[in-house]
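Please read the points below with the model open beside you, and look up each residue as it comes. The note starts with a single residue and then widens to the whole chain.

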Amino acid sequence: MDRRSIIKNAGIAGVLAAGAAPAVHAQAAVRWRLASSFPKALDTIYGAAEVFAKKVKEMSGGKFEISTHAGGEITPPFGVVDAVKDGAVECAHTAPYYFFGKNEAFALGCAIPFGLNSRQMTAWMYEGNGLKLMREFYTKYNMISFPMGNTGAQMGGWYRKEIKSVKDLQGLKFRTGGFPGKVMEKIGVVPQNIPGGEIYTALEKGTIDAAEWVGPYDDQKLGFNKVAPYYYYPGWWEGGPQLDLYINQKAYDALSAENKAIVECAAAYAHTDMQAKYDARNPAALKQLVGSGTKLRPFPNDVMAAAFKAAEALYAELNDKNEDWKKIYADYSKFRADSNLWFRFTEAKFDGFMQNQKL
Ligand code: PYR
């Protein structure tokens, strides 16, 4: 149909529509795949990817759709960084400290023993230099990162036998998530970096002696209480582990400005939503666990002291041999010192007082 016949056939509304160039050049439909490192059964940690994908779809009016895939579905749980780097998938959701074997600096974007808590990690990311430094580091892997969830301080895991002193950790085959194992090794533990979906079987079969995952809500779902009665606290190796959305840089660069903004907002929404879910659901799960026979125990003081000393020694060693670690850790540790000084007067004092009240 030529321009004259459009005018003739469509009247004034048609003329305006035909003549008006769209103000924004809308991007065609986008379809992505997200590979998660987590099992589908966990609506908290795996759920964050679904929350993110749902928000992206809603905000884009259905034009940007992301299918989410549990660990092992399209890529092994710990294969997600390679998959994003090589462009086999557009994006992934994972815990960066799993990838400490590539470079220990990954852990600084997630959690290190005696590191930042959840609030502090989010502050370092968005207001400090955290996001900037981690993104600079991730350019080596062709990817860009977005904070997408935090579990808050975790529990210290499930044990068949009581841990009365650091001696009871000698030779203990213990499942932990990646980097913290480097500190645990120094105090006698034999760390096992096993994906979330495979821990129960390893613990039940006795391939490992003990295991930690996250906290009461997830741990109850995974069934660890059925095979190990002692539940220790705190998870000194993850006071506020952050999960990340990793996006292949080329896939990200190809997005319109609108879709980039949608990704940023949806990831930030999922970030807050995950912490809220854990904080709201853990208390009831802990009560149920204790009610059904789980024995809660604090780690002995000598375990905490030995672990702290081992962590400091490891960080000094890494400063000497890993330039990426050195650069990021310098900023991270300064932020931690300043933040803990401030929190000492406010959060810590307030929380400490409240914990002593009989509410
Ligand atoms: C872990 O793998 O242990 C987590 O906390 C996600």
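1. Phe-114 counts as partly exposed because it has 18 C-beta neighbours inside 10 Å; a residue is buried if 20 or more other C-beta atoms, placed from the backbone, lie within 10 Å of its own, exposed if 12 or fewer, and partly exposed in between. Although Phe-114 is not a glycine, it has a positive phi of about 60°, and it is found in the loop between strand E3 (91-94) and H4. Helices (H or I, at least four residues) and strands (E, at least two) are DSSP runs, numbered from the N terminus.

2. Before going further, please note that this is a predicted model, in which local features need pLDDT of at least 70 and side-chain atom pairs count only at pLDDT 80 or more, while totals for chains, interfaces and linings use all residues. Residues are numbered from 1 along each chain as its sequence is written.

3. Asn-142 lies in the loop between H5 and strand E4 (143-150), and it is partly exposed because 18 other C-beta atoms are within 10 Å.

4. The peptide bond from Tyr-233 to Pro-234 is cis, with omega near -5°, and Pro-234 is found in the loop between strand E9 (230-233) and strand E10 (242-248).

5. Helix H12 (residues 323-345) has 23 residues and reaches 34 Å from its first C-alpha to its last, close to the 33 Å expected at 1.5 Å a residue, where the expected span is 1.5 Å times one less than the number of residues.

6. Which residues of H12 are buried? They are Trp-325, Ile-328, Tyr-329, Tyr-332 and Arg-336, and what covers them includes helix H4 (118-126), helix H5 (130-138) and helix H11 (301-321).

7. Asp-324 is found in helix H12 and is partly exposed, because 17 other C-beta atoms lie within 10 Å. Not counting residues up to four places away in sequence, Asp-324 touches Asn-103, Ala-105 and Phe-137, where a contact means that two C-beta atoms, placed from the backbone, lie within 7 Å.

8. The ligand is surrounded by Ala-95, Thr-151, Gln-154, Gly-177, Gly-196, Trp-213, Val-214 and Pro-241; a residue counts as near if its C-beta atom, placed from the backbone, lies within 6 Å. By class, this shell has 4 nonpolar, 4 polar and no charged residues, with Ala, Val, Leu, Ile, Met, Phe, Trp, Tyr, Cys and Pro counted as nonpolar, Asp, Glu, Lys and Arg as charged, and the others, Gly among them, as polar.

9. For the protein chain as a whole, the secondary structure comes to 13 helices and 11 strands, and 43% of the 359 residues count as buried.

10. The mean pLDDT of the protein chain is 93, and 92% of its residues reach 70 or more; pLDDT is the predictor's confidence in each residue, from 0 to 100. Over residues 1-23, however, pLDDT stays under 50, and the model has 7 contacts beyond four places in sequence for them. Where pLDDT is low, the predicted coordinates should not be read in detail. The predictor gives the complex an ipTM of 0.99 and a pTM of 0.92.
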